[in-house]
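Subject: Structure handover and what was found in it

Dear colleague,

I am passing on the structure we talked about, and my notes follow below it. Please keep the structure open beside the text while you read.

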Amino acid sequence: MTTGLENFWYAVEHSQTLQTEPISLRLLNQRYVLFRDQSGTAHALIDSCAHRGASLGKGWVEGDCIRCPYHGWSYNSQGRCVRIPADAEGTTIPAKAQVGVLPTQERNGFIWIFPGASNQADPNLIPPFPEFGQPGWRTVQGEYRWDANFSRVVEAGLDTSHAPFVHRPFFPNRDDASVHPLEITATDFSVSTHQQVKPPKRLGLLKYIIKKDRKHSSSTLTSYLPCINRIAIDFNWRGYQYIYFASNIPISETETLTKWIGIRNFLPQAWADKNSIKNTVETYEEDKAIVETQPRTPSWVTQGADLLLASDQLILAYRKALAKICQQQESC
């Protein structure tokens with residue numbers, strides 16, 4: 001179920017997590033390894049030594065190379081083996097002693113890799129996150145796992161009608177849960193909608209920064225294909241905003257790892273980070289309890305089994321976009 005999904009940029013790790021040690025990861029049922037050379041530049045290789053298939057991620061970085069933990073073979077950032085300790089000095093290294101290299105970019109707090117055809121790896125197609133790193137915005141980050149297909153996870157972040165039923169502490173309006181008609185914006189690489197919503201209940205830090213009830217807040221829900229969620233919330237109070245940017249990494253058809261960054265332009269002090277993280281994790285746990293009860297198949301493949309309504313138009317647009325991608329390749 002991965003055909004057609006390879007030719008995208010995937011945010012697979014937080015930038016600050018990749019330091020001196022290599023990191024192994026799985027994406028679309030394949031194993032990759034990340035490492036930094038001595039100048040700090042990030043690189044990604046197929047995580048399988050050409051010798052006997054051991055994981056390079058269990059090895060170590062030495063200068064500009066990563067070394068296999070099994071027999072010490074040393075690979076440079078182009079994936080070429082440059083040293084085989086068991087061979088006598090001067091022995092020619094076989095031409096086949098190399099591993100695959102992936103286009104890699106470091107941007108917006110993430111390490112991005114491109115597992116598809118390298119000639120299609122245009123860095124301009126990396127989803128934008130213009131607020132990241134700008135003055136006045138405070139950043140927190142984290143990760144969590146789902147026993148679910150990535151598309152089900154993305155759709156939870158595109159769902160315009162579930163909040164009063166899944167996230168009741170902040171949205172206790174079950175008896176007033178109607179959704180206004182949605183206007184969908186779609187491109188070849190994204191789907192999005194902007195809506196006014198019932199304002200979240202002033203709990204936790206919100207009751208200190210927002211001093212009065214408001215008629216509405218607003219949110220812009222976006223998915224950058226195939227697996228990025230961007231949820232931008234405007235509290236309709238002094239310009240205060242919170243933006244959640246998440247990479248829902250498809251480890252396999254039934255496993256998803258989410259690496260997320262949250263930024264806010266209010267309460268920029270470090271002491272407020274704990275509450276910001278707590279709110280995000282609690283929201284995840286509430287969604288997880290429901291999402292993991294859904295079918296573990298890709299949502300766009302089982303489209304006919306669901307009864308989608310007007311409030312699901314953004315989800316429908318997302319499914320159609322993914323189905324189109326797959327149809328352009330071989331059948332998923």
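Val-82 belongs to strand E8, residues 81-83, where helices (H or I, at least four residues) and strands (E, at least two) are DSSP runs numbered from the N terminus. Apart from neighbours within four places in sequence, Val-82 is in contact with Cys-65, Ser-74, Asn-76 and Ile-93, contact being heavy atoms within 4.5 Å. Ala-97 is 15 residues from Val-82 in sequence, and the two C-alpha atoms are 8.6 Å apart in space.

Before going further, please note that this is a predicted model, in which local features need pLDDT of at least 70 and side-chain atom pairs count only at pLDDT 80 or more, while totals for chains, interfaces and linings use all residues. Residues are numbered from 1 along each chain as its sequence is written, and side-chain values use heavy atoms, with hydrogens and water left out.

The chain as a whole

The protein chain has 5 helices and 18 strands, and of its 332 residues 49% count as buried. Among the contacts in the chain with a separation of 6 or more, 58% are accounted for by residues 24 or more positions apart. The chain exposes about 16400 Å², of which carbon and sulfur atoms supply 50%; accessible areas come from the Shrake-Rupley method with a 1.4 Å probe, and for residues only the protein chains shown count as cover.

Helix H4, residues 273-291, has 19 residues and reaches 26 Å from its first C-alpha to its last, close to the 27 Å expected at 1.5 Å a residue, the expected span being 1.5 Å times one less than the number of residues. Its buried residues are Asp-273, Ser-276, Thr-280, Tyr-284, Asp-287 and Val-291. These residues are on the same side of H4 because they cover an arc of only 75° around the axis, the arc being that of the directions from the helix axis to the C-beta atoms. An α-helix has 3.6 residues a turn, so residues three or four places apart point the same way. On the other side of H4, Lys-274 and Ala-289 are exposed.

Pro-298 is in the loop between H4 and H5 and, at 1% relative accessibility, counts as buried. Pro-298 and Asn-149 are 149 residues apart in sequence, yet 5.8 Å apart in space, C-alpha to C-alpha. Asn-149 is also among the contacts of Thr-254, which, leaving aside neighbours within four places in sequence, are Trp-146, Asp-147, Ala-148, Asn-149 and Arg-296. Thr-254 lies in the loop between strand E17 (241-252) and strand E18 (255-264) and is partly exposed, with a relative accessible area of 27%.

Helix H5, residues 313-328, has 16 residues and reaches 23 Å from its first C-alpha to its last, close to the expected 22 Å. Its buried residues include Leu-314, Tyr-318, Arg-319, Ile-325 and Cys-326.

The second largest pocket has a volume of about 600 Å³. Of the 26 residues that line this pocket, the closest to its centre are Phe-8, Asp-188, Phe-189, Leu-225 and Ile-325. Strand E14 (190-197) and H5 are the elements that give two or more residues to the lining, and H5 gives the most, with 6 residues. On a 1 Å grid over the protein atoms alone, a pocket is an open set of points where a 1.4 Å probe fits, with protein on both sides within 12 Å along at least five of seven lines, and lining residues have an atom within 4 Å of a point. Grid points are joined across faces, edges and corners, and a volume is the space filled by probe spheres set on the points.

Backbone details

The peptide bond from Leu-225 to Pro-226 is cis, with omega near 0°, and Pro-226 lies in the loop between strand E15 (217-224) and strand E16 (228-234). In the loop between strand E2 (23-27) and strand E3 (30-36), Leu-28 has a positive phi of about 50° although it is not a glycine, and Leu-28 counts as buried at 8% relative accessibility. Asn-29, in the loop between E2 and E3, has a positive phi of about 70° although it is not a glycine either, but Asn-29 is partly exposed, with a relative accessible area of 45%.

With best wishes

Conventions
Buried means under 20% relative accessible area, exposed over 50%, partly exposed in between (1.4 Å probe, protein chains only).
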